[in-house]
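The stops below go from the whole chain to single residues.

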Amino acid sequence: MMDENVKKFLKSISYTATIAAEEAKAAVQSAGKAINQKTELAKMNVELLGLQADMEEIFCELGRTLFLMNTGSYNSVLHGEADTEEPARHRINTLLVQAGEKQQEIDFLNAKVKTTKGINICPVCERACEDEDVFCPACGAKLEVPVEKNDEKPEV
Ligand SMILES: [Zn+2]
């Protein structure tokens, strides 16, 4: 028969161990979240660079098409056909539509980067808090400083 105090002692140890395990689990989870956020941002930045390169190509071709159209040699230089303005105009319209679509993708991604940077998620209850919150308004946990929110918002 175990002594009552020993029982209590063992119970308190197992209780402390459970809390420690929970805390360790929460710490690992919140570290994982920060890493995910950084990975997401890195991915978005790579995607943005690709979109901007596409945009440069479109601008480049627009300029060349416009130049060749202006010199009246769009068809003869590129297609070896007689020159009319129609194919060049058609190409320019297509390129303008493509540039517009690319710009939309870039704007969308930039907005996404902004939200991801500014997001301030409670490590305990996962509530999305305001940037300026130091403690979670829902559960009172101390919030981490969001990743890379130093650019923009100049101090006034
Ligand atoms: Zn919370």
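The tour starts with the overall fold and then moves to two residues and their partners.

**Whole chain.** Colour by secondary structure first. This is a predicted model, and its chain holds three helices and two strands. Going along the sequence, the order is α-α-α-β-β. Next, colour by burial: of the 156 residues in the chain, 4% are buried. For contacts, take the pairs of residues at least 6 apart in sequence; 47% of these contacts join residues at least 24 apart.

**Helix H1.** Select residues 4-70, which form helix H1.

**Leu-41.** Between the C-alpha atoms of Leu-41 and Val-113 the distance is 6.4 Å, while the two residues are 72 apart in sequence.

**Phe-59.** How many C-beta neighbours does Phe-59 have inside 10 Å? The number is 13, so Phe-59 counts as partly exposed; a residue with 12 or fewer would be exposed. Finally, select Leu-96 and draw the C-alpha to C-alpha distance from Phe-59: the value is 8.8 Å, across a sequence separation of 37 residues.

Methods: Residues numbered from 1 in each chain as written. Predicted model: local features only at pLDDT ≥ 70, side-chain atom pairs only at ≥ 80, totals over all residues. Helix = DSSP H or I, 4+ residues; strand = E, 2+ residues; numbered from the N terminus. Buried ≥ 20, exposed ≤ 12 C-beta atoms within 10 Å, placed from the backbone. Contact = placed C-beta atoms within 7 Å.
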